[in-house]
Amino acid sequence: MSGAKRAKELNETELTKVFSLLYDRFGPCHWWPAESVTEMIIGAILAQNVSWKNVETALGHLKSRDLMSLEGIKRVPAEVLEELIRSTRYYKTKARKLKAFAEYVDTEHGGDLQALLALPLWQQREELLGIYGIGQETADSIILYGSGQPIFVIDAYTKRIFQRLGYFDEKIEYQGMQQFFMENLPQEAKLFNEYHALLDSLGKSTCTKSNPDCSACPLAELCRYRNQAVMEG
Ligand code: SF4
């Protein structure tokens, strides 16, 4: 057996073990928390660099004004939209992003969001990344949770947890992390969906930025950060 293959099998086994431990603790998470694909996409854009609680406030405002649609986003004056999503920080920029997305779907796909979401995975990613305000994490969230195609979403929680577990160093970039998961897990949207949601649950509740609660963590046995702390402590 070649070294590369052995390494892949090892990684596969470990990633499956991490998933099982998280699932036993938190799952299933039923992500993405949205009533429609449009709401999911609007939520993904608003969620950039802000907590979900703040996003929920903004989504509630949009719903109460009957603006939870790309048509609604297009028609509402920018200043009004900014006020409605003020809770999400950088709200002026985010209002521009929402309008840019709605305009793009209108211009390039005749207003048919499903036509964009039906594009093959990598073609869709390229289109999404060409839209103002859509970065890699947002594009991948739209592909996975909006169109149901298998791409692994990387966010700050994923990076922090897997760095602490000992898989990634500080310098690793988005694509390197994504490639690692996609090469070592079966290409299944359902698995990627749940895995990402479980990592977010751990990152929010336990593997926090400062003072992670390692004694309550289901991954403690596997974690280099925690094991070092035990040895030093
Ligand atoms: S053991 Fe601690 S550092 Fe490691 S993943 Fe769990 S909470 Fe994070």
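Visitor: What volume does the largest cavity have, and how would anyone find such a space?

Guide: The largest cavity has a volume of about 110 Å³. As for finding it, rolling a probe the size of a water molecule over the atoms shows where empty space is left. Keep in mind that this is a predicted model. Counting cavities of 30 Å³ or more, the structure holds 1.

Visitor: Which residues lie closest to the centre of the largest cavity?

Guide: Look for Leu202, Cys207, Cys214, Cys217 and Cys223, the closest to the centre among the 15 residues that line the largest cavity. Two elements give two or more residues to that lining, helix 10 and helix 13 (224-232). The largest share comes from helix 10, with 3 residues.

Visitor: How do the residues of that cavity lining divide into nonpolar, polar and charged?

Guide: The lining of the largest cavity has 11 nonpolar residues, 1 polar and 3 charged.

Visitor: Let's move on to pockets. How much space lies in the largest pocket?

Guide: About 630 Å³ of space lies there. The largest pocket has 22 lining residues, and those nearest its centre are Ala47, Val50, Glu137, Asp155 and Asp200.

Visitor: Which domains does the pocket lining draw on?

Guide: Start with the division of the chain: domain 1 covers 3-30 + 154-232, and domain 2 covers 37-146. The lining of the largest pocket draws at least three residues from each of these two domains.

Visitor: How far apart are the C-alpha centres of the two domains, and how many residues are in contact?

Guide: The C-alpha centres of domain 1 and domain 2 lie 28 Å apart. As for contacts, 11 residues of domain 1 are in contact with 7 residues of domain 2.

Visitor: Now for salt bridges. How many does a search of the whole structure find?

Guide: The general idea is that side chains of opposite charge can pair when their charged atoms come close. In this structure, the search finds 6 salt bridges. One of them joins the side chains of Glu35 and Lys63, at 3.5 Å from N to O. Glu35 sits in the loop between helix 1 (3-26) and helix 2, while Lys63 is in helix 3, so this pair ties together parts that are 28 residues apart in sequence.

Visitor: What partner does Lys92 have?

Guide: Lys92 forms a salt bridge with Glu82, and their closest N and O atoms are 3.6 Å apart. Lys92 belongs to helix 6 and Glu82 to helix 5, so the bridge ties together parts 10 residues apart in sequence. Glu82 has 16% relative accessibility, so this residue counts as buried.

Visitor: Which residue pairs with Asp140?

Guide: That's Arg125, with the closest N and O atoms 2.7 Å apart. Since Asp140 lies in helix 9 and Arg125 in helix 8 (residues 121-129), the pair ties together parts that are 15 residues apart in sequence. Asp140 is buried at 0% relative accessibility, and Arg125 is buried too, at 6%. Elsewhere, salt bridges that share partners join Glu35, Glu39 and Lys63 into one network.

Visitor: Where is Glu79 found, and is it buried or exposed?

Guide: Glu79 is in helix 5 (residues 78-84). Glu79 is exposed, with a relative accessible area of 54%. Between Glu79 and Ser201 there are 34 Å in space, C-alpha to C-alpha, and the two are 122 residues apart in sequence.

Definitions and conventions: Residues numbered from 1 in each chain as written. Predicted model: local features only at pLDDT ≥ 70, side-chain atom pairs only at ≥ 80, totals over all residues. Heavy atoms only, no water. 1 Å grid on protein atoms, 1.4 Å probe; cavity = no way out; pocket = protein on both sides within 12 Å on 5 of 7 lines; lining within 4 Å. Points joined across faces, edges and corners; volume = space filled by probe spheres on them. Domains from an automatic or database assignment. Helix = DSSP H or I, 4+ residues; strand = E, 2+ residues; numbered from the N terminus. Buried < 20%, exposed > 50% of the residue type's maximum accessible area, 1.4 Å probe, protein only. Salt bridge = Lys/Arg side-chain N within 4 Å of Asp/Glu carboxyl O. Nonpolar A, V, L, I, M, F, W, Y, C, P; charged D, E, K, R; others polar. Contact = heavy atoms within 4.5 Å.
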